[in-house]
Amino acid sequence: MSHHPARRTVLLAGAATAALPALSLPAAAAEPTASRAAATGLRPLASYWYPDSLPDGSPGEGITWRSLKSWRAATDTDLPFNRASVPLARRFTPAPANTTARADQARIQSLVSFGPTAGNPSQGSATADYYALTHWAYIDELVFWGGSSGEGLILAPNAPIVDAAHRHGVPVLGNVFLPPAAYGGQLRWTSDLVQRDAAGHHPLAAQLVAVAAAYGFDGWFVNAETGGGDSALGAAMLGFVRELKTLAAARGQRVTWYDAMTVDGTVSWQGALNDRNQALYEAADDLFVDFRWSAGSLASSARRADALGRSRYELWAGVDVESRGSDTPVDWDAIVPAGTAHTTSVGLYRPEWTRGHLPAGHTPEAFHAADDRFWTGRSLDPSRPDAADPWRAPAVFAADRSTVTSLPFATVFNTGHGLRWHERGEVTSDTPWNHLGLQDRLPARRWSVRTEGQRPAVAFDFADAWHGGSSLLVSGALDRPAVLDLYTTRLPLGRNTVVELTHRADAGNVRVELAVATAEPDGAGNPPPYTYLPLPAGRGDGWRTTAVRLPGRSGTVHALGIRLTATGGGPVRWRLGGLAVRERTTTPAAPVRPRVTAASGGDLRLAWDHPAPGTVRHYTVHRVLPDGTRRFLGGTGQRAYFVTGLTPAPGERAVRFEVRAVGELYTSSAAAALGHRW
């Protein structure tokens, strides 16, 4: 695959092009980080910086120019909103869902632009139209893509994305983008990045590591594409990357180098690991191989990595899917051949095409359908991939992974966005929303269904939910029993282990059985060895929660699923709103010291403390109206939240809030109440 340099760098610039006209304006002084809230209003935003010196002129509307060199955690007023709350979970690899997926070879790096460089909210926003990535099971590393010459070059990922990724065991890298001169790049910014202090150290390397540690993400993707450098600059960059890697490794962070600048300081995309970039690869953890690769260059790159004693799967072969998504023609046999060992790993550039190509006004269901097609393949079932599909979806060649290893475990099938918010089956907000930090650990194998009859449709549905924004909907003739795989797990079985399901039949009569496997399948592609346990019969319509005890069983639960049988003929529409595995029910302690930390009209910054760190899944914020009605405003994993656009209700002299801690089983604490006078 080849890319014209000018075209490719337009893609890499992301939101850069709109900001380019401001580049030739007069110089401006650096702005202290502490003044950020005043410059942008109270709304907290994802952070972005220049290495040190700022562009000439003045920033465009809504843009704040800041220097990373002058950043300090103590004066970062948005840090409480941007600091991730979920530690990186450990993953395991179950027996693959099919015989073509491999557990120990090619993995996926995903380069995603979730929003613009400037003006990207820290904690979600009031729209369901968002790239709510859910196929984490196939991703090994996520890069928070972006940066532009007119806004900022160094991006820290916002907390909801890190929290969702970490919950699924995926590390997240911030992005360092030094753009080509054609797109506003200035060589002085490269020199700023690699500058040394009097002791010979690189202060910006230490700053990058400090930012990642303070914000709670996992390292940096370094992409130096500004041309005009020389061998001295190349040597300085190599020294910088080496020190960055050393400092990052000491904090458990990672560094990926992008194949652009070479060891002689010039920018020359190699499309391979070779003499011109090997030293930079050896200085980093891995290398994103530019899109110019060929079958031959990837094969030679893999051999070179082997000879260096490194894994060939630390090379990400770039695949640009921004324009055509799952219709992109790719020489898959050059990267992940079916008959021999995979050559390298895969670097997917801009898979948010699954949202971006949809027409305006599309539904969340339309996005997830496109996303399932991209990650699972044309069959939409990872247990039976379509061998004739020209798009070799990740589920076809990469084994899925899971983090469901400890009790309690619960899910309400919340994807991190929705058209409204539900609590116990009732709508408590009719405002569309997105916040990936509220996303559950979701089923990886979407959707693995086994039946001898017509295959029912399975999808996340946003019309109704038990809790959050979505539920799992199974619909179809259901002319024969159907088994739906839900989770691969490593959950310990005890004397008091209980599985709870919250479900509802919208149409048709359905017999529901819990499928439990206490051993692995006897081979890749084989079904889990389920035992089927009937759910107790319920009465009445609407949502019901039923519990299945697992007495007399010991060991480990390896898989959970559902078997559905129509008992009165089809068609059937059946929803699963929640699933929980527990030994006991616990409720978190309530937040303490809730307070308003800043206010401007109907915009407020809230904060609180918690007496027991690590026991909370997330927090919810409700407004209590004068008539006692509770209205959901939002949720967050952080101990700070921003509310906007509030107006007084008739006769209301002060707005009242309630903050609650929510545990892993979705049990809520008592309310911590606070008020604020209008």
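**View 1. Thr-190 and the residues in contact with Thr-190 in this predicted model.** Leaving aside neighbours within four places in sequence, Thr-190 is in contact with Leu-178, Thr-226, Leu-233, Met-237 and Met-261, where contact means heavy atoms within 4.5 Å. Thr-190 belongs to helix H5 (residues 187-193), helices being DSSP runs (H or I) of at least four residues and strands (E) runs of at least two, numbered from the N terminus. With a relative accessible area of 0%, Thr-190 is buried, a word used for values under 20%, with a 1.4 Å probe and protein chains only. Residues are numbered from 1 along each chain as its sequence is written, and side-chain values use heavy atoms, without hydrogens and water. Because the model is predicted, local features need pLDDT of at least 70 and side-chain atom pairs count only at pLDDT 80 or more, while totals for chains, interfaces and linings use all residues.

**View 2. Ser-301 in helix H9.** Ser-301 lies within residues 295-307, which form helix H9, and Ser-301 is buried, with a relative accessible area of 0%. Apart from neighbours within four places in sequence, Ser-301 is in contact with Ala-272, Leu-273 and Leu-315.

**View 3. The lining of the second largest pocket.** The volume of this pocket is about 700 Å³; a pocket is an open set of points on a 1 Å grid where a 1.4 Å probe fits, with protein on both sides within 12 Å along at least five of seven lines, and lining residues have an atom within 4 Å of a point. Of the 32 lining residues, Ala-126, Thr-431, Leu-633, Gly-634 and Tyr-641 are the closest to the centre of the second largest pocket. Strand E29 gives the most to this lining, with five residues.

Technical notes
Points joined across faces, edges and corners; volume = space filled by probe spheres on them. Buried < 20%, exposed > 50% of the residue type's maximum accessible area, 1.4 Å probe, protein only.
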